[in-house]
Amino acid sequence: AADTNKAKVLKIGAEMTFPPFEFQEEGSKEYVGFDMDLAKAVAKQMGYTAEIQNIGFDGLIPALEAGNIDMIVSGMSITEERSKKIAFSKPYYKSGLSIVVKGDNNSITSFKDLEGKRIAVQIGTTGAEEARKIKDAKVREYNSNSEAYMELKAGGVDAVVNDLPVNEYYLTKSGEKNAKIVGDIVNAEEYGMAVTKKNTELVEKVNKAIDELKKNGEYEKIYVKWFGKKP
Ligand code: GLN
């Protein structure tokens, strides 16, 4: 009976080089972003306190399976492949992939133009998967998105393939002038929160919490805070 007041902790894993969804502001250790605010709001709605851990993107599903975390909230796209292993909540954000090249690159204007080119991606992502499908492309996988962008800046690759909102953030907020987004968005993707397949009760609770936050305006408030416009 002694622990009836113990705060229930929900351990959440995310990879922190994915602004504006999850990242650390320069000089700060705090984990911030749209996902972080939404994850905390969902946890609170369910009566938990969120405890956030920074885990490599390709380590998130293993960490969930090992029981080191209870939930992934990391801009993770809902895919058929991943759904075989883990259970996703209802979608909470619509996304898709896009290409970033240097500002003076006029030869790459679409995915088709990436054939035979050097492409930087983050390991374990849908961007990496998509890049590998491109004919003769030399795909370089990095642990973080920051490293992929740095490689483009350094001229080690011709392009970065990553989620559109994160590419947009890179161009507008990082102060990077010599880069641009080209081509159409490919792959309509949606982000979901993920838990283990065994935890069906938690998925239902998370879905209910997302619905409630949409109804009470909290979701919209968080969305406007990070994207500067209504969903
Ligand atoms: N949405 C992409 C994916 O799920 C990228 C996510 C990320 O890098 N955090 O693979």
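The second largest pocket of this predicted model has a volume of about 290 Å³. A pocket here is an open set of points on a 1 Å grid over the protein atoms alone, with protein on both sides within 12 Å along at least five of seven lines, whereas a cavity is a set of points where a 1.4 Å probe fits but cannot get out; lining residues have an atom within 4 Å of a point. Grid points are joined across faces, edges and corners, and a volume is the space filled by probe spheres set on the points. Because the model is predicted, local features need pLDDT of at least 70 and side-chain atom pairs count only at pLDDT 80 or more, while totals for chains, interfaces and linings use all residues. Residues are numbered from 1 along each chain as its sequence is written, and side-chain values use heavy atoms, with hydrogens and water left out.

Two or more lining residues come from each of α2 (60-65), α3 (80-83) and α4 (126-132), and α4 provides the largest share, 3 residues. Helices (H or I, at least four residues) and strands (E, at least two) are DSSP runs, numbered from the N terminus. By class, this lining holds 4 nonpolar, 4 polar and 7 charged residues. Nonpolar covers Ala, Val, Leu, Ile, Met, Phe, Trp, Tyr, Cys and Pro; charged covers Asp, Glu, Lys and Arg; the others, Gly among them, are polar.

The domain assignment of the protein chain gives domain 1 (9-92 + 192-227) and domain 2 (95-189), with bounds that come from an automatic or database domain assignment. The C-alpha centres of these domains lie 24 Å apart. Their contact (heavy atoms within 4.5 Å) takes 13 residues from domain 1 and 15 residues from domain 2. Each domain gives at least three residues to the lining of the second largest pocket.

The largest pocket holds about 370 Å³ of space. Of its 14 lining residues, Pro-19, Phe-23, Gln-24, Tyr-169 and Ser-174 are the closest to its centre. Here the elements giving two or more residues are α5 (145-154) and α6 (164-173). The lining divides into 6 nonpolar, 5 polar and 3 charged residues, and at least three residues come from each of domain 1 and domain 2.

About 80 Å³ lies in the largest cavity, whose lining includes Phe-18, Phe-57, Arg-82, Gln-122 and Asp-163. That lining has 2 nonpolar, 7 polar and 2 charged residues, and it too draws at least three residues from each domain.

Helix α1 (residues 34-45) has 12 residues and reaches 16 Å from its first C-alpha to its last, close to the 16 Å expected at 1.5 Å a residue; the expected span is 1.5 Å times one less than the number of residues. α1 is mostly covered, with 9 of its 12 residues buried. Buried means under 20% relative accessible area, exposed over 50%, and partly exposed in between (1.4 Å probe, protein chains only). Among the buried residues are Phe-34, Asp-35, Met-36 and Asp-37. The buried residues of α1 pack against β1 (9-14), β3 (22-23), β4 (49-54), β7 (93-102), α7 (200-215) and α8 (218-227). After α1 comes Gly-47, whose phi is positive, near 85°.
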